[in-house]
Amino acid sequence: ARPDSTSSAWKTLRDTPLERSAAASLGGMLLAVGGNDDQEETFSAVHVYSSATNTWSRVQSGDLPEPRYACTAVELAGNRVLVVGGEDQDEKRTNTVFLGSLISV
């Protein structure tokens, strides 16, 4: 959900493609980073949200180096995203840090 600027109410948006993804803003876009599915498979995918169509699209060549879920993601200067920690595909906690640069989404 997101705040609706005209009524100060929450509006429900389309669900993210994966569960337990990290969210980050990048150049005004909303990203969903990593996550897992209902079979508990963990993914390295990065998705971007389109408010115009209320859809998520996978960022081509934007995957994390390793599958991750329940991590933290934050935007940095220069169109970069920092992804920290989370759990890997074996449900092991990790302190791995990834720095990504998404040129085009």
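**Strands, core and loops of the predicted model**

Ser50 has Thr55 of S6 as its bridge partner. The model in which this pairing is found is a predicted one. Strands S5 and S6 run antiparallel and are joined by four bridges. Strand S5 covers residues 42–50, and strand S6 covers residues 55–58. The two strands form a hairpin with four residues between them. Within this hairpin, Asn54 takes a positive phi near 55°. Asn54 is a residue other than glycine, and its place is the loop between S5 and S6. Asn54 is classed as partly exposed because its relative accessibility is 26%, a value between the limits of 20% for buried and 50% for exposed.

An aromatic pair is formed by Tyr49 and Trp56. The centres of the two rings lie 5.2 Å apart, and their planes make an angle of 55°, so that the pair counts as tilted. Both partners are buried, Tyr49 as well as Trp56. A search of the whole structure finds one aromatic pair.

A second hairpin is made by S3 and S4, with two residues between the strands. Strand S3 spans residues 22–26 and strand S4 spans residues 29–36. Five bridges hold these strands in an antiparallel arrangement. On S3, the covered face carries Ala22, Ala24 and Leu26, whereas Ala23 and Ser25 are on the uncovered face.

The largest nonpolar core has 15 residues. The members that touch the most others are Leu31, Val33, Val46, Ala73, Val81, Val83 and Leu102. Two or more core residues are given by each of the strands S3, S4, S5 and S8. The largest share, three residues, comes from S3. Leaving aside neighbours within four places in sequence, Val46 is in contact with Leu31, Ala32, Val33, Ser57, Arg58, Val59, Gly62, Asp63 and Leu102. Among these contacts, Leu31, Val33 and Leu102 also belong to the core.

A further group of strands forms an open sheet of three, in the order S7-S8-S9, with antiparallel pairing. The edge strands are S7 (72–76) and S9 (97–101), and each of them pairs on one side only. From one strand to the next, the twist averages 20°. Strand S8, residues 80–84, is joined to S9 by five bridges, and these two strands run antiparallel. One of the pairings is that of Leu82, whose bridge partner in S9 is Leu99.

Glu40 lies in the loop between S4 and S5. Although Glu40 is not a glycine, its phi is positive, at about 65°. The side chain of Glu40 makes a polar contact of 3.1 Å with the side chain of Arg20.

Arg20 is placed in another loop, the one between strand S2 (9–11) and S3. With a relative accessibility of 45%, Arg20 counts as partly exposed. Not counting residues up to four places away in sequence, Arg20 touches Gly35, Asn36, Glu40, Tyr69 and Ala70. Arg20 and Gly34 are 14 residues apart in sequence, and the distance between their C-alpha atoms is 7.8 Å.

Glu41 also lies in the loop between S4 and S5. Its relative accessible area is 47%, so Glu41 is partly exposed. With residues up to four places away in sequence not counted, Glu41 touches Gly35 and Asn36. Both of these residues are also touched by Arg20. The C-alpha atoms of Glu41 and Pro67 are separated by 9.1 Å, and the two residues are 26 apart along the chain.

Definitions and conventions: Residues are numbered from 1 along each chain as its sequence is written. This is a predicted model: local features need pLDDT of at least 70, side-chain atom pairs count only at pLDDT 80 or more; totals for chains, interfaces and linings use all residues. Side-chain values use heavy atoms; hydrogens and water are left out. Two strands pair if DSSP finds at least two bridges between them. Axes are lines fitted to C-alpha atoms, for helices over the stretch in contact, and angles run from 0 to 180 degrees between N-to-C directions. A nonpolar core is a set of buried Ala, Val, Leu, Ile, Met, Phe, Trp, Tyr and Cys residues joined through side-chain atoms within 4.5 Å. Buried means under 20% relative accessible area, exposed over 50%, partly exposed in between (1.4 Å probe, protein chains only). Contact means heavy atoms within 4.5 Å. A polar contact is a pair of N or O atoms within 3.5 Å; within protein, one must be able to donate a hydrogen and the other to accept it, and residues adjacent in sequence count only if both atoms are side-chain atoms. Rings of Phe, Tyr and Trp (its six-membered ring) pair if their centres lie within 6.5 Å; planes under 30 degrees apart count as stacked, over 60 as edge-to-face and the rest as tilted.
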